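Me: I have a structure open and would like to go through a few of its residues with you. Could you take it slowly?

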Amino acid sequence: MIRFQVQGDPKGQPRPRAFARRMGDKFVARVFEAGTAEGWKSLIASEARVYAPEQPISGPVSVRLIFSFRRPQSHFRTGKNAGELRPDAPYYHTSKPDNDNLEKAVFDALTQIGLFWDDDKQIVHNETVKIYGKAGGVVIEIKPMAIPRPGEPKSVVVSTLEDQG
């Protein structure tokens, strides 16, 4: 398993936005793509190069992402107890950016450098967690998925899906 951490404020991959603009008596479609995650993706790529395997993984891949977001000031007490975490401060980060946009930024950054896999379509299993912490960043865990041979036990998910098919 490959495991590394990237320090920084996690950013989600923005989705392209389409809109129509009237030009005379016609409408013309345009697409706008914000590039707000490029700095974050560069940090990921830079740190990832240090941990790259000798050869990219050629088969199915499993990825686990643990995103940490800095706590806002409202999570802390004030007055003589300033700096202490409030008892009602949440553990999980349940606001934006969305999991899928965070995942997309990481997967795109790792796919672009081409050192871990050939294409992110190889990712057949992923787990993403968003929590609050002292510092922002992401822990990235990457491992090849074992391909079950005929007669070998399969994961519960694979067995369940095959039973439905």
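Me: Let's start with Tyr-91: how does it count by accessibility?
Reply: Tyr-91 counts as partly exposed, at 48% relative accessibility; buried means under 20% relative accessible area, exposed over 50%, and partly exposed in between, with a 1.4 Å probe and protein chains only. Keep in mind that this is a predicted model, where local features need pLDDT of at least 70, side-chain atom pairs count only at pLDDT 80 or more, and totals for chains, interfaces and linings use all residues. Residues are numbered from 1 along each chain as its sequence is written, and side-chain values use heavy atoms, with hydrogens and water left out.

Me: And His-93, buried or exposed?
Reply: His-93 is buried, with a relative accessible area of 8%.

Me: What does His-93 touch?
Reply: Leaving aside residues up to four places away in sequence, His-93 touches Phe-69, Lys-130, Ile-131 and Tyr-132, where contact means heavy atoms within 4.5 Å.

Me: New topic: how many aromatic pairs are there?
Reply: A search of the whole structure finds four aromatic pairs; rings of Phe, Tyr and Trp (its six-membered ring) pair if their centres lie within 6.5 Å, and planes under 30 degrees apart count as stacked, over 60 as edge-to-face and the rest as tilted. One of them joins Phe-4 and Tyr-51, whose ring centres are 5.3 Å apart with planes at 10°, so the pair is stacked.

Me: Are those two buried or partly exposed?
Reply: Phe-4 counts as buried at 3% relative accessibility, whereas Tyr-51 is partly exposed, with a relative accessible area of 35%.

Me: Which residues form a cluster with them?
Reply: Phe-4 and Tyr-51 form one aromatic cluster together with Phe-116 and Trp-117.
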